[in-house]
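Colleague: I would like to learn how to read a model like this one. Please take me through the features in turn.

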Amino acid sequence: MASQKDLQAVGKAAHDLFEDFTTYSGHARVASEAAAGGLKGEGFALGEALAHVTERWSEQTRTLLDACAHISNHLRFTKNQHAADESYIAGAVSSIALLDKGFDDRKGH
């Protein structure tokens with residue numbers, strides 16, 4: 001079973017990939033759009049093909065970024081839920097210990 005540190009590492013990797021890929025894929029998209037426009041402007045059919053590839057690149061980029069965000073957000077939610085569960089369990093166990101102490105006190109009388 002994965003430890004909290006393992007899950008945190010996966011969540012951080014997903015977040016880092018999201019951040020870095022957003023930046024670098026944006027650069028690639030802008031450069032490709034500019035190249036496609038230049039080629040089309042010069043009458044090259046390749047310009048239209050590059051524009052199509054750029055559009056597909058953007059769609060695939062959005063899919064990857066959505067997946068990274070989903071992973072990161074889900075792991076963050078899981079971590080927070082786990083902390084809330086731990087707090088609840090600690091409170092419940094503490095209450096049981098308090099009840100036990102009350103029974104122990106009665107035995108002494």
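**Reading the model**

Modeller: Start with one residue. At 28% relative accessibility, Glu59 counts as partly exposed. Buried means under 20% relative accessible area, exposed over 50%, and partly exposed in between (1.4 Å probe, protein chains only).

Colleague: What should I know about the model itself?

Modeller: This is a predicted model, where local features need pLDDT of at least 70, side-chain atom pairs count only at pLDDT 80 or more, and totals for chains, interfaces and linings use all residues. Residues are numbered from 1 along each chain as its sequence is written, and side-chain values use heavy atoms, with hydrogens and water left out.

Colleague: How many helices and strands does the protein have?

Modeller: Helices (H or I, at least four residues) and strands (E, at least two) are DSSP runs, numbered from the N terminus. Here there are two helices and zero strands.

Colleague: What span does H1 reach from its first C-alpha to its last?

Modeller: The expected span of a helix is 1.5 Å times one less than its number of residues. H1 has 38 residues and reaches 54 Å, close to the expected 56 Å.

Colleague: Where does H1 bend?

Modeller: A bend is the angle between axes fitted to the seven residues ending at a residue and the seven starting there. In H1 the bend is about 25 degrees, at Phe21. After H1 comes Gly43, with a positive phi near 85 degrees.

Colleague: Which residues of H1 are buried?

Modeller: They are Gly11, Ala14, Ser25, Gly26 and Ala36. Over the protein, buried residues make up 12% of the 109 residues.

Colleague: How many aromatic pairs does the structure hold?

Modeller: Rings of Phe, Tyr and Trp (its six-membered ring) pair if their centres lie within 6.5 Å; planes under 30 degrees apart count as stacked, over 60 as edge-to-face and the rest as tilted. A search of the whole structure finds one pair. The ring centres of Phe21 and Trp57 are 5.9 Å apart and their planes stand at 55 degrees, so the pair is tilted. It links distant parts of the chain: Phe21 lies in helix H1 (residues 4-41) and Trp57 in helix H2 (residues 45-107), 36 residues apart. Trp57 is partly exposed, at 36% relative accessibility.

Colleague: How many salt bridges are there?

Modeller: A salt bridge is a side-chain nitrogen of Lys or Arg within 4 Å of a carboxyl oxygen of Asp or Glu. The structure holds four. One of them joins Lys12 and Asp16, with the closest N and O atoms 2.7 Å apart. Both residues lie in helix H1, four residues apart, about one turn of the helix. Lys12 is exposed at 52%, whereas Asp16 is partly exposed at 30%.

Colleague: What joins Arg29 and Glu33?

Modeller: Their side chains meet in a salt bridge at 3.2 Å, N to O. Arg29 and Glu33 are separated by about one helical turn because they are four residues apart in helix H1. Arg29 is partly exposed at 31%, and Glu33 is partly exposed at 40%.

Colleague: Which residue does Arg56 meet in a salt bridge?

Modeller: Arg56 meets Glu59, at 2.7 Å, N to O. These two are three residues apart in helix H2, so about one helical turn separates them. Arg56 is partly exposed, with 40% relative accessibility.
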